[in-house]
Amino acid sequence: VAFWPLRQRYPRVLEEPQAWDFAFTPDGAKLLVASPERLLSRSLDPENASEPRVLLRGLASFPSIALDSIGRNVVAPARNGNIAVAATSGEPPREIGGFSQDSLATAVAISPDGRRAASASFVSPAQEKTIKVWDTESGALERELPLPRAGELEQGGIINLFFVDGDRLLASGVSGLMLFDLRDGSRKDLLESLVACFAPST
């Protein structure tokens, strides 16, 4: 894993095999690194180096992670199909709902206030091509949003999720780029062709 402090010419390199996704804490003090085996929290302070802290073990094959805007909670897909919520402070993680083990659910998102988590499957049976939204505290399923043109395997699958705010969710994937309103479950199609990734402006 290499990252570039903006005021330095050369990158810093951290040893972590099979790293798949990353997130900086809002204060820039830590880097979260996800691999299929674990989710690590690593200090970026060269003068106060410490051993990486394991926040989660046993993630999905191609895990993505999402961190709330205050850097308190991070969500990631677990290997058993559930969604795990971990505190960056190191408290024991919790698993909330998820998908069956027949699904490869890799897209996750967490609302800016950390109160909602969302996940969707990329490769799955057609009946599991939905976006699920949970309350992170209670684990209650709040919404299950159907996806257009859902089919077997990757047909209609979701690659990325992002909370615009607490009530609106962007989703991209095989069927395009969509904006969901969680207040009424409505969907607005923004693009109707494959969108592998996007970069929202905050």
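**Salt bridges, sheets and rings**

At a relative accessibility of 36%, D113 counts as partly exposed. Buried here means a relative accessible area under 20%, exposed means over 50%, and partly exposed lies in between, with a 1.4 Å probe and protein chains only. The model is predicted, so local features need a pLDDT of at least 70 and side-chain atom pairs count only at pLDDT 80 or more, while totals for chains, interfaces and linings use all residues. Residues are numbered from 1 along each chain as its sequence is written, and side-chain values use heavy atoms, with hydrogens and water left out.

D113 has a charged partner: its side chain meets that of R115 in a salt bridge, with 3.9 Å from N to O. A salt bridge is a side-chain nitrogen of Lys or Arg within 4 Å of a carboxyl oxygen of Asp or Glu. R115 is exposed, at 59% relative accessibility. By this rule the structure has seven salt bridges.

Strands (E, at least two residues) are DSSP runs, numbered from the N terminus, as are helices (H or I, at least four residues). E142 is partly exposed, with a relative accessible area of 34%, whereas R116 is buried at 17%.

D167 is partly exposed, with 29% relative accessibility. Through shared partners, the salt bridges join R116, E142 and D167 into one network.

D181 touches D167 and S186, not counting residues up to four places away in sequence; contact means heavy atoms within 4.5 Å. D181 lies in strand 17 (residues 176-181) and is buried, with a relative accessible area of 15%.

Strands count as paired if DSSP finds at least two bridges between them. Strand 11 and strand 12 run antiparallel and are joined by four bridges, and A107 has A120 in strand 12 as its bridge partner.

Another open sheet of four strands has the order 3-4-5-6, also with antiparallel pairing. Its edges are strand 3 (21-24) and strand 6 (53-57); each has a single partner strand, so one side of each lacks a neighbour in the sheet. From one strand to the next, the twist averages 20 degrees. Strand 3 pairs with strand 4 (residues 30-34) in the antiparallel sense over four bridges. Within strand 4, L32 stands opposite A23.

The structure holds one aromatic pair, formed by W20 and F62 with 5.0 Å from centre to centre and 50 degrees between the planes, which makes it tilted. W20 lies in the loop between strand 2 (12-13) and strand 3, and F62 in the loop between strand 6 and strand 7 (66-67), so the pair ties together parts that are 42 residues apart in sequence. Rings of Phe, Tyr and Trp (its six-membered ring) pair if their centres lie within 6.5 Å; planes under 30 degrees apart count as stacked, over 60 as edge-to-face and the rest as tilted. W20 is partly exposed at 47%, and F62 is partly exposed at 40%.

A ring also faces a charge at F99: the charged end of K132 sits over this ring, 4.6 Å from its centre. A charge sits over a ring if NZ of Lys or CZ of Arg is within 6 Å of the ring centre and within 35 degrees of the ring normal.

Key. Axes fitted to C-alpha atoms, helices over the stretch in contact; angles between N-to-C directions.
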